[in-house]
Structures are given as structure tokens and as C-alpha cells.
Amino acid sequence: MMRNVRLRGRIEAVLAVVSGMLCLLTLFWPDWIEEVFGVDPDQHSGALEWAIAVVALCATAVFSLLARAEFRRARTPVGDQ
């Protein structure tokens, strides 16, 4: 008998996708912060954009690994804990 994926695994998968999209958005459109919020916190140096991209990439990796572990746990038979 297989277990269903818990809500935690689904949330981790969604967060991995969202953080991955944020990373790609920041890499391909680095001025989105200035456009959306109307502020320029790093005076066009690009440091904030690189920091956001790196943090989002790390978050994507962490959430992906956590979701993968949760999905693998759900695939194991119930009696094999």
C-alpha cells in the first residue's frame, strides 16, 4: 500500500517552482525590482539582483531536495518504514 504525498511535500514543490521562477526572472530581467517597486536600492550596481538570484537558486535547490525526499517517502510501501 502506498502513502499519499503529504501537504508538506506539495508545498515544498510549489516553493521550489516559485523560487526557480524568481531566479530566472531576476537573471533575465534584472531591473524588475526598480520597475515593480519604484525604488533603486543598489543604485544600478546590480548587487541586489545578484544576491536575489543566488538566494533564489539556493532556495530552489533546498526546496527541490526536500520535496524529492517527501515524494520518495510517499512511494515506499507503508510496511517498509
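**Salt bridges**

I started with E12 and found that it forms a salt bridge with R8, the closest N and O atoms being 3.1 Å apart; a salt bridge here is a side-chain nitrogen of Lys or Arg within 4 Å of a carboxyl oxygen of Asp or Glu. This is a predicted model, in which local features need pLDDT of at least 70 and side-chain atom pairs count only at pLDDT 80 or more, while totals for chains, interfaces and linings use all residues. I number residues from 1 along each chain as its sequence is written, and side-chain values use heavy atoms, with hydrogens and water left out.

E12 and R8 are four residues apart in helix α1, so about one helical turn separates them; helices (H or I, at least four residues) and strands (E, at least two) are taken as DSSP runs, numbered from the N terminus. I noted that E12 is buried at 7% relative accessibility, whereas R8 is partly exposed at 47%; buried means under 20% relative accessible area, exposed over 50%, and partly exposed in between, with a 1.4 Å probe and protein chains only.

How many salt bridges does the structure hold? I count three, and E70 forms one of them with R6, the closest N and O atoms being 2.8 Å apart. Because E70 lies in helix α3 (residues 47-75) and R6 in the segment before α1 (7-28), this pair ties together parts that are 64 residues apart in sequence. E70 also forms a salt bridge with R73, again with the closest N and O atoms 2.8 Å apart, and these two are three residues apart in helix α3, about one helical turn. Within it, E70 is buried, with a relative accessible area of 4%, while R6 is partly exposed at 43% and R73 is partly exposed at 38%.

**Cysteines**

I next looked for disulfides, meaning a pair of cysteine sulfur atoms within 2.5 Å, and the count comes to zero. C23 is in no disulfide, since the nearest cysteine sulfur, that of C58, is 9.1 Å away. C23 is buried, with a relative accessible area of 8%, and C58 is partly exposed at 48%.

**Helix α1**

I checked the length of α1: at 1.5 Å a residue its 22 residues should span 32 Å, and its end C-alpha atoms are 32 Å apart, which agrees; the expected span is 1.5 Å times one less than the number of residues. The buried residues of α1 are G9, E12, A16, S19, G20, C23 and T26. Seen down the helix axis, these fall within an arc of 130°, so they line one face of α1, the arc being that of the directions from the axis to the C-beta atoms. On the other side of α1, I find L7, V14, V17, M21 and F28 exposed.

**Nonpolar patch**

Which residues form a nonpolar patch on the surface? I list L22, L25, W29, V36, F37 and V39, with about 540 Å² of accessible area together, computed by the Shrake-Rupley method with a 1.4 Å probe, where for residues only the protein chains shown count as cover. Patches are made of residues with over 30% relative accessible area and no salt bridge, like charges being joined within 9 Å and nonpolar side chains (Val, Leu, Ile, Met, Phe, Trp, Tyr) within 5 Å. α1 and α2 (32-37) each supply at least two residues of this patch, whereas V39 is found in the loop between α2 and α3 and is partly exposed, with a relative accessible area of 46%.
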